Each structure stands twice: as structure tokens, then as C-alpha cells.
Amino acid sequence: MSNEKVMSILKKRGILYPSFEIYSGVAGFYDYGPLGGLLKNNIMNLWRQYYVFQEGFYEIEAPTVMPRNTLKASGHVDNFTDPMTQCTECNEVYRADHIIEAAINKEVEGLPDEKLTEIIEENNIICPDCEGKLGAVTSYNLMFKTQIGASGKQVGFMRPETAQGIFIAFKRISRFYKDKLPFGIVQLGKSYRNELSPRQGVIRLREFTQAEAEIFVDPSDKSHKNYENITDIELKLYSQKEQINEDEPIIITVNDAIKEGIVSSQMLIYQIVLANNFLSDIGIPQEAIRFRQHLPDEMAHYAIDCWDAEVKTDQYGWVEIIGIADRTDFDLKSHIAHSKEDLSVFKEYDEPVTVTVTKPSFNMKKFGPTFKGDSPKAKEFLENADVNEIKEAFETSGTYSFKIGDNTYEIDDSFVTFETKEEQIKGDRFVPHVIEPSYGIDRIIYSTLLHSYTEDKSEEGETREYLKLPAKIAPIKAAVLPLVNKEELTTIAENIEITLRSNGFITNYETSGTIGKRYARADEIGVPFAITVDYDTVEDNRVTIRNRDTFQQKRVLINQLPVIMRELIEGYKNFEDIAE
């Protein structure tokens, strides 16, 4: 699993390479080449199979440019920062926590800037490039700033995540679902983060693709309808307890993880299982997957539980590629506070409930002249105030005082009276909680390529290097190869390629070099099957289909190829089950 060997293949064969190469490149940007673009689309479409088709969540597309007020409401304007330190001699900037962790081998992510500055000074940590002195740590906002419109009066940002587009559209989305919880909405698309020092290849990009689902649930009911189907599934969990005690991750069943309170809800652990299945489906081995729970001091302020799917790499260690969080109602409540829009949902009770309520009745003849323009706000305040507190103030002092903005008002019982009566309540309004699985598609692609890289040695000692990509995500599904470059064979091969492409299979037709070298080139880029046209084909209308991983070959009829390919790629049949 050599990063250097994998990146060499990716660049050489048009899968993934640094952007802007002819201008010396810019860190944090990568191009997906002809094969990389196909691979990326295949992985994203498989993700849709899981969340859109299987889970029944609908997909939306929101703008990638967002006005400042939306990201002010979400907290990104004030809090979406990384700690930065700058060398006082060469002026190079670094992410402070990464510099410290590399120097003292201790986790410091999440510590305040002042504390990070102290650690740098106490440990005499210097610039890794010129060995100069590092300056004080400051917070650096990661968003790309832009302007909306020619005047430049409206400030905008490139979105730092796809999730906010869903939260902002919640009112319409909820109406689409008729307020029936739980429901989910997904979005796949580009996000942007102006990283300080993206020095980890495709692990830390400035422009990247996310696939996120926002699942809106009743805060009082975080069960999952399919929970009973997953209770016996085993997961590798690295909980807070194991991390704090410096123990190894545990292998535990879903049922036990819920019973022991390791994972906070059925809904959350169901998303962990789904992520685990997805990663296995794209070829990442189980031994290279773990789910790490955020520690108390690293848990986001809006989350009550959060787990990262991490994949093992030789060069970077365990890398987070999926985050799965219970975000509570933080996002919706933040947008309620800033937009003044009602983003709650109504939940109807099975049976109406009779309750005793006390409601205010206002004397508008006195109310209007006293409060003038503050009348609506005064009514809203009194409707939501503590009735007993107001009554007690009337009884003890005869008046009740309160503020609306900068204005202080004093009222007596001639302004408002309170009536207590019984009412039937058919339901209740509340702000939903959100369960969010967030997939970093670029990191997932890198992890898939890394773990699909395989080296086999033949009996003669020759090494075969190839990408062992699952057929369902491989960019090219089959190589169509005439045994030799003769017209009687190439004509048949070209017709096979046309037939397969018309049936939705991306194929590669090649005549250059020996058949062995063409097999090797196809294997290297992960083509799972090779279809060879030989002289016998002219007589019996059969071709040889070869399995990349086992070298096993089957002789099959040409007119059966589309069906056979579909069965192999979708996993309906194994190669050894194909009838000759």
C-alpha cells in the first residue's frame, strides 16, 4: 500500500494529478482525469444507491455561493477558523496545531490560541522550513470570500459545506414531506475551504466534493424502523473510553453498543452501519476501517454524539473520511433566530390531550397608544412570559416592568388580564434534531485507490501491479481486445464494443502490443474483465472473458455478453458461476 507507487500510477494513467501543472501548480487542488472522473461518478452514484434509492431520501441542489448573513447565522463567519502561526523570518504560514503535534507528538487540536502560543514558546518549536521563530497563534477564517453583484456591496462566501443549503431550505423541504418525521434530504457537490497549508495531497484540499444527508428526527424518538435488522452486525468502535484509557478499539455488536450506551441512538448507529457497508462495497477492507468517537473536548458545541469513519493509511495513519453526528437542533434554531422564520414542525398526537391553559387578553385601547410601534413585540413578549410572575407583580406592587429593545415599559392589570380554561390540544410544535452522515468523496476515492493497489509476484519472479477495484465502481468495465490486429478480428471486436457501450458499459478497445501487455495495462487501471476475440470467434461466435483478479477464463457467446456483464458488475453472479 505504497502512496508513492499509487500516485505514480494515478498520474501516469490519467486518474488523478495536481491541477495547474504547467504553471507550477497550486497546493490543495487536484484534477480528476478521464479515468478519475469516471471513478468519481461511479462512487457518487453508488452513494446515491444507498441514500436516495435504498433509504428513500430526496436530493436537492443549492448554490455554492452563499450570502454573508446565512453563514453568520450558521456560525461560520465567527467560528470557522484554524489556528495559524507565521514564521517571523521567512513569513511562511502554518497550521499551529499540526506544527505542534509533529514536534511534540501530542494531540492539541481544539486548544485556544493563547495555549497553543504557550506550547510553541515552552517547547521552542521553530519554523520547519528555515528554523526561524514562530509568531503568536491567531485564528484564521477558512472561507473563500467573494462579492455578489457588480457593486460589491453584498459580501458572499464559497460554501464551506453542503449542509447549510439544506437547513436554509428546511421550510420548503418539510412542507414537501408534509412534516412527517423522520425524513432525509441529501446533497452532493463542491465545498471550499481555504486551507492554511494543504500538504497532504488529496487528504486536505481547498476545493472538494461532499455527499451529505441531513436526517430530521423527533428529538423524543431517535429509533430506526430497520434497527432490528442490524442488531447482530459487528463494528469496530474506538469510543471515548478506549481513547482515554489508551486501549485498542473494540469489536462489538450494534445491539450491545446501544445497550451499553456507547452510541447514543438507534438512528445514529444505523448511519454508522450504513457507512461501514458502503466502505466495504467500494473495496476498503474491514481491518482498515474503524469508527472513532469524538472526545469530550473535541466534540462540536452543537453535537451530542459524533463518530468519524477512519481508514488506515501507511503515510498519514488513520484518516477521517466520513463524519456521522447528532447535530441536535442547533442549525435550525440558529437560522430561526437570525431569519425570524418558523422552522418548527407540527406533530399530531394519536389522541387529543386536554390541558389547562392561561392566556392573556389585551386591552388594545390602552395597548396601542402606550407601545405604538413596539405593540407586536410587547404582545409577543407577554404571551411568552411567566404568567405567575406577572400576576405576582400586579398583586405586590400593582405594576409589571419589562424591556423591548432599549425601551422600558410599565403596565398594570388594566392593560392585560389572564383567563384560565381547558383546551384540547391535537399536537405540538417543535424544532427537529438532525442526524448527519457527511462523506468526503475525495478522501474516500483516495482511500479506495490506496487499498485497491495490489502487487502479485509470478512464479518467474515478475511483479504485477494493478488496481483491484470492485467491478461496480471501476471506471472501465471491460477491455475489448482482438488477439491480433487483423481486420477479421478487429471488426468483430469493434462491434462488441459498440454493443456493450449501447448497453451502458464503458469499455476500452486496444490493439497495440501483445495480448499479454494489453492485459497488464488494463489490469493496472483496474479493468475487471477482458474480452478477447480470437480466430475461433470467427467460427463459433464465442469470445474469451478473463477475470482480472484470478486470471480465470470463460468461453461465452457474443450475444450473451451484455447479460453476463450486468450479472458480474451488479454482483448477481460470481465469475465462476458463469456458464460456458
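A quick word on the background. This is a predicted model, where local features need pLDDT of at least 70, side-chain atom pairs count only at pLDDT 80 or more, and totals for chains, interfaces and linings use all residues. Residues are numbered from 1 along each chain as its sequence is written, and side-chain values use heavy atoms, with hydrogens and water left out.

Back to our lysine. Which residue does Lys171 form a salt bridge with? The partner is Glu341, and the closest N and O atoms are 2.6 Å apart. Lys171 sits in helix H8 (residues 170–176) and Glu341 in the loop between helix H12 (330–339) and strand E17 (345–362), so this pair ties together parts 170 residues apart in sequence. Helices (H or I, at least four residues) and strands (E, at least two) are DSSP runs, numbered from the N terminus. Glu341 is partly exposed too, at 37% relative accessibility.

By salt bridge I mean a side-chain nitrogen of Lys or Arg within 4 Å of a carboxyl oxygen of Asp or Glu. A search of the whole structure finds 35 of them.

Here's another one to look up on your screens: Arg327 and Glu436 meet through their side chains at 3.0 Å, N to O. Arg327 belongs to strand E16 (residues 317–328) and Glu436 to strand E21 (residues 433–440), so the pair ties together parts 109 residues apart in sequence. Are these two buried or exposed? Arg327 is buried, with a relative accessible area of 3%, and Glu436 is buried at 6%.

Next come Asp540 and Arg555, whose salt bridge has its closest N and O atoms 3.6 Å apart. Asp540 is in helix H19 (residues 535–540) and Arg555 in strand E28 (residues 553–557), 15 residues apart. Asp540 is partly exposed at 30%, while Arg555 is buried at 17%. Salt bridges can also share partners: Arg290, Arg292, Glu298, Asp308 and Glu310 are joined that way into one network.

Last stop, Gln54, in helix H2 (residues 34–54). Gln54 is partly exposed, with a relative accessible area of 47%. Leaving aside neighbours within four places in sequence, Gln54 is in contact (heavy atoms within 4.5 Å) with Gln49, Tyr270 and Leu274.

Conventions: Buried < 20%, exposed > 50% of the residue type's maximum accessible area, 1.4 Å probe, protein only.
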